[in-house]
Amino acid sequence: MTRTLLLITPGFVARGDFDARGRLVAFGRAAAPPGAADAGSLTLAALGLVKSKARKVWVLSTAAVTAMVEVSANRLQGLSEQERFTALAFEAEALTGVPAGSSLTVARRLGGDGVAETWWVTQVSERLRQEVDAELLRHGAQLAGLAHPGGMVLTGENAAGRDVLEVWEDLLFLRQRHRGAAMLDILPAELSGGLDTLLARFPSPEAEAGKLPREVWTTRGGLNASAATVRSLQDAETLQGWFSGWLSALDQSPEPLPVLHPPARPMSTARRVLLCAFATGLALLLCAGNWWWTELQLNAAQSDAKKLSEAGNLRSEVQKVSQELQKARTDHEADMTRHSQTLRGFGAMLEALALEKPGGVLVRAMSAPANVTQPAPGKPPVMETTLTGWCAEENLAAQFSQKVGARLQPLGWTVQPARTQAQLAGSTPVWSFEIHLRMEATPPAAKP
């Protein structure tokens, strides 16, 4: 499958497509269109640089917030990955100003000792992720990951042999000595005095002595330095090599850079309907097999009864067995009728849930495969299930239960009104809901 990398900055966008072997097969770059300021517009501009359709897309956007966070040693010990990211989001809030509760956070540990640990933290606002994801979905593509583009050159395989700096919109990425070791650092990039002034703030004795070449990577235009080589990502050859480096980093496990991977998307309505149809067909096939086996047993029993009747001396016993067999067949046919009705009701219920769900409603779970209560002798089977999920507006759950109830009532279903409860997803209010459904199969009419 083709993999696509998008570079998105306020003034410059680029796209690189790679085949399954990691070879660059399509490439485009351009200045950002005038008026394209939000993430969705910039993503659209980057996608349009290549005519072929994107499939799996990684977005490298300077709108993602990234910083270095230092915490005391062992503070994060014993926490799950998500708990560590949450704790680091609160630590980064003082540096980045991004509220921990309204951002998605990912981090990579860079190093540590017995005193402190250093973590590379990237925060992505929920709004940024939604704008990017919505634009990709509109073009039939899937968001594979979202990250800040900085830091790849400093973490590459050949980075140790060079003195490298990366200058992005307002951030400077460089390698500095920290607790006796060379480590990546992220600082504000102040370029009012020019690039030479910025380099003078971070002198490199080895570069000045000519032992290590000094390079500056940037997407900004018009930057020049007398003491370093400036590599502009607006240059096609430089940008293609940079894209290839990012792809190599994404293929590593674990990834050396903090990349936010989106949560799994819920199953589509068409796929749910197809799955429900498959489950219903499988259930009917099992019932048909059971009926065929029972039919064989009944035929064999009838054959034995006929032989006993011909013997004469066991006539009364044969008559008794024959009556029992007839009753068993009648009960079997009645059970088959009731269970067939139950299966049709089950399939109709699944179809109604898939077709009547309004926008803004997310079905999370259904007590599966739907609890069928074993009926008393002569009584119809009862099916009960409970549907749970989330909705963006409180009245959507009530509309959902009313539509499903109106559709299923003629089939013997009883759908109780939705019970809702207000929740918070980050800072966004949502409502959880619960809908209880019950069906009693209609007993078959007695044959004359």
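I started with what counts as a helix: helices are DSSP runs of at least four residues, typed H or I and numbered from the N terminus. The model I am reading is predicted.

**Entry 1: helix H3**

I looked up helix H3, which covers residues 126-138. Arg129 and Glu126 both sit in this helix, 3 residues apart, or about one turn. I then checked their side chains. They form a salt bridge, with the closest N and O atoms 2.7 Å apart. Is Arg129 buried or exposed? I found it buried, at 14% relative accessible area. Glu126 is partly exposed, at 28%.

**Entry 2: a pair between two strands**

Next I took Glu215 and Arg231. Their salt bridge has its closest N and O atoms 3.3 Å apart. This pair links distant parts of the chain: Glu215 is in strand E12 (residues 214-218) and Arg231 is in strand E13 (residues 229-232), 16 residues apart. Glu215 counts as buried, at 6% relative accessibility. Arg231 is partly exposed, with a relative accessible area of 32%. I also noted a network here: salt bridges that share partners join Glu126, Arg129 and Asp133.

**Entry 3: a pair far apart in the chain**

How many salt bridges does the structure hold? I read 15. One of them joins the side chains of Arg108 and Glu255, at 3.7 Å from N to O. Where do the two residues lie? Arg108 is in strand E6 (residues 103-112). Glu255 is in the loop between H7 and helix H8 (269-311). They are 147 residues apart, so I must look in distant parts of the chain to find both. Arg108 is buried, at 18% relative accessible area. Glu255 is buried too, at 11%.

**Entry 4: the sheet**

I turned to the strands. An open sheet has 5 of them, in the order E3-E2-E1-E4-E8, with mixed pairing. Which strands are at the edges? They are E3 (24-31) and E8 (142-147), and each pairs on one side only. Neighbouring strands of this sheet are turned by 15° against each other on average, direction ignored.

Strand E2 (residues 12-18) runs antiparallel to E3, and 7 bridges join them. Ala14 stands opposite Arg29 in E3.

**Entry 5: the helix across the sheet**

Last, I followed helix H7 (residues 236-251). This helix lies across E1 (3-8), E2, E3, E4 (56-61) and E8. H7 runs at about 120° to E1.

Key: Residues are numbered from 1 along each chain as its sequence is written. This is a predicted model: local features need pLDDT of at least 70, side-chain atom pairs count only at pLDDT 80 or more; totals for chains, interfaces and linings use all residues. Side-chain values use heavy atoms; hydrogens and water are left out. Two strands pair if DSSP finds at least two bridges between them. Axes are lines fitted to C-alpha atoms, for helices over the stretch in contact, and angles run from 0 to 180 degrees between N-to-C directions. Contact means heavy atoms within 4.5 Å. A salt bridge is a side-chain nitrogen of Lys or Arg within 4 Å of a carboxyl oxygen of Asp or Glu. Buried means under 20% relative accessible area, exposed over 50%, partly exposed in between (1.4 Å probe, protein chains only).
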